[in-house]
Structure formats: structure tokens, C-alpha cells
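Hi,

Here is the structure I promised to pass on. Have a look at it first, and my notes on what turned up follow below.

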Amino acid sequence: MREELGKKRLRRIYLFTGSEELQKDEALDELRRTAGGGVVRKFSGPEVRAEDVLTAAANQSLFEPVSVIVVRQAGKLSRDEAESLIAGWGAVEGLPPLVAWDTEVDRRHRPWARLAAEIGDVEFPPPRASEASAWVEAEARRRGHRLARGVPELLVELVGCDLLTLRRTVEVLSLAAGEGATIDEATVSAMVPAANAHAFYVLQDALTARDGRRAVTLLREAFADAQPPELLLGVLFAELRRLLIARESRSAADYPAQETRTQPWKVKDLIPASRRFSKRDLARALDRLAAADVAIKTGRGEPAALLEDWVMTVSEAGT
């Protein structure tokens, strides 16, 4: 709940903006409880008429009192309707709180400039990746599960930072794992549709660990799943590039995690892992991968054999 709503002093009108729908829903539920626990009456669409909303607010049933009225897509209301709605709400005593709800509104124009200055303006931006990972871990604990190391960050990487999507994903994983069980990467791979990409992360990790046998096994599985060679080349090149940059970094603080699309939790392992390779080994590996790329694209070599040979050469370099 945002600080504005935590004051427990009800305002007549609130403006809920931002893309985080789950947090909006939770804030709306808290607002409903603060306002007496009645029902929430919802209107939606730019075609909403201020007169209809005001009439519904004024003519409430004694048996089903309304605690909050919500107008979704409020930013798409015409200027006249928005002005009438806000002016009417301010003029009539005893109406329940009104929530004007949308992803964004143009605060430069009336009535939103006035609303932002005078009434409850609450924004719900998407959480940062670290915040979403912490939320995933808390949600799993709430459902009685422990998450294996790296799983919260992996889920955020796979499905994004939208909390509603993450909640549904954790719910699926909870049912798959069983009551009280630890949710590990294997469960994620089996149950999350986006986990096809996770197989590439595992391949990259095997390469970084110089585990040639594991990497070759994963490559063969990828080819068996009809993954295109160009995609696998890109996956291997991306990890090799991370290793090259990490090898030049003095510490995790120097590593450009955002530029290389590397999760912060992975950087801590990547820096020491890169020290398993000499700079010369990594430079040669880059040249060999470029040569394999040319051979595959010109039809001068069988993709699976070329990439398997490259992986084993990289894994055994300097040993």
C-alpha cells in the first residue's frame, strides 16, 4: 500500500495510475475496508457518463452499501465528462470515495492537473527486478514453500516484473511441487512456459563452469528440440562475451550488468568463474566460434558437430 493510502483518512477522490495492476487491486481492497467494507461499484470505458456514475453513487441500496466507486480508463474520458465527474463529486456530501483508474493520464491538462494537486494521487509503477524477486520469495513463503537459490531471480527473468503474472506463476509452481516442498529450477523448467529459455541459461552456466560433458548433453537436447543453430550460436556468443567482460572486470561493481543483460545475482558468480579462463583462451574461443558461425552459415560443416567440438575445446583449454 502506498503511503497516501496508509493515512487512513479518506479522501473524496483518488487517482490510481501506473501499470502494476495487482498493487492497484490490493490498494483498492484496503481502501474498501477503510471505507466500511461494502461493495466496490465499477464503471469502465471512455464512454462512461459522469451523470450515470453520480446517480449510482447517490442512490445506494441499504442492503448492499457501496464503499468505493471505480472508473477505469479514466484517462480516456472526455474533458467535459472528467470535469463534470470531479466537480460533481466535490459538490455532493456523503458520496463514497471515487477512484479514477488508468495506466496514465495527461497531468498537464485539466482536470488531472487539479486532481493531482488537490486530491489523492497514487502511482503504482512496475517494481524493479530486485523488488519483484523479493516479492516472489515472500509469496512462495506465504504458500508454504522455500525457493532454491536463484529461483526468484530466474522467475523474474522468465516472466517479467508484473506481480499478477508472478503470483499466477508461483501458484502453478506451488501446485506442481506439492505442499511444503522446495521449488527448484527443475520445477520451473517443467512448469513455466517461458522455461524453454531457461535451458539456454543452463547451457551457458555449463560453459562457464567448463563442464564440457554437461554442455554437450544440453546442446544435443537443444538440437533434438529443433532449436535453430543460429539461436544456439547467439546463446554461446552471449555467454562468451560475458566471460570476456568479466575477465577484464576487477570486481562485480565494475561489471556492466545492464549492458550485458546479466542478472545481478549471477554477476557475483561470473567474476570468479571467468578467472578459470585465461584472456588468451577466451580470445581464441571467440575466433573459433566466429569460424564455426561462418562454416554453419555457408554449409561447410554440420552444426551440431561444430558446436559440440567448440564447447569441448573451450572446456578443455588450458587444462
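This is a predicted model: local features need pLDDT of at least 70, side-chain atom pairs count only at pLDDT 80 or more; totals for chains, interfaces and linings use all residues.

Let me start with helix 5, where Ala132, Ser133, Trp135, Val136, Glu139 and Ala140 are buried (buried is under 20% relative accessible area, exposed over 50%, partly exposed in between, with a 1.4 Å probe and protein chains only). Seen down the axis of helix 5, these buried residues fall within an arc of 160°, so they line one face of the helix (the arc is taken from the directions from the helix axis to the C-beta atoms). An α-helix has 3.6 residues a turn, so residues three or four places apart point the same way. On the other side of helix 5, Ser130, Arg141 and Arg142 are exposed. The cover over the buried residues of helix 5 includes helix 1 (21–34), helix 6 (151–159) and helix 7.

Residues are numbered from 1 along each chain as its sequence is written, and side-chain values use heavy atoms, with hydrogens and water left out.

Helix 5 itself covers residues 129–142, and its 14 residues reach 20 Å from first C-alpha to last, close to the 20 Å expected at 1.5 Å a residue (that is, 1.5 Å times one less than the number of residues). Just after helix 5, Gly144 takes a positive phi of about 85°.

Over in helix 7 (residues 163–177) sits Ser174. Ser174 counts as buried because its relative accessibility is 13%. Leaving aside residues up to four places away in sequence, Ser174 touches Arg143, His145 and Ile183 (contact means heavy atoms within 4.5 Å).

Now the cores (sets of buried Ala, Val, Leu, Ile, Met, Phe, Trp, Tyr and Cys residues joined through side-chain atoms within 4.5 Å). The largest nonpolar core has 31 residues, and Leu203, Leu236, Tyr255, Leu289, Leu307, Trp310 and Val311 touch the most other members. Helix 11 gives the largest share of this core, seven residues. A second, separate core of 23 residues includes Val71, Leu85, Leu98 and Ile119.

For the whole chain, there are 14 helices and five strands (DSSP runs numbered from the N terminus: helices H or I of at least four residues, strands E of at least two). Of the 319 residues, 43% count as buried.

Cheers
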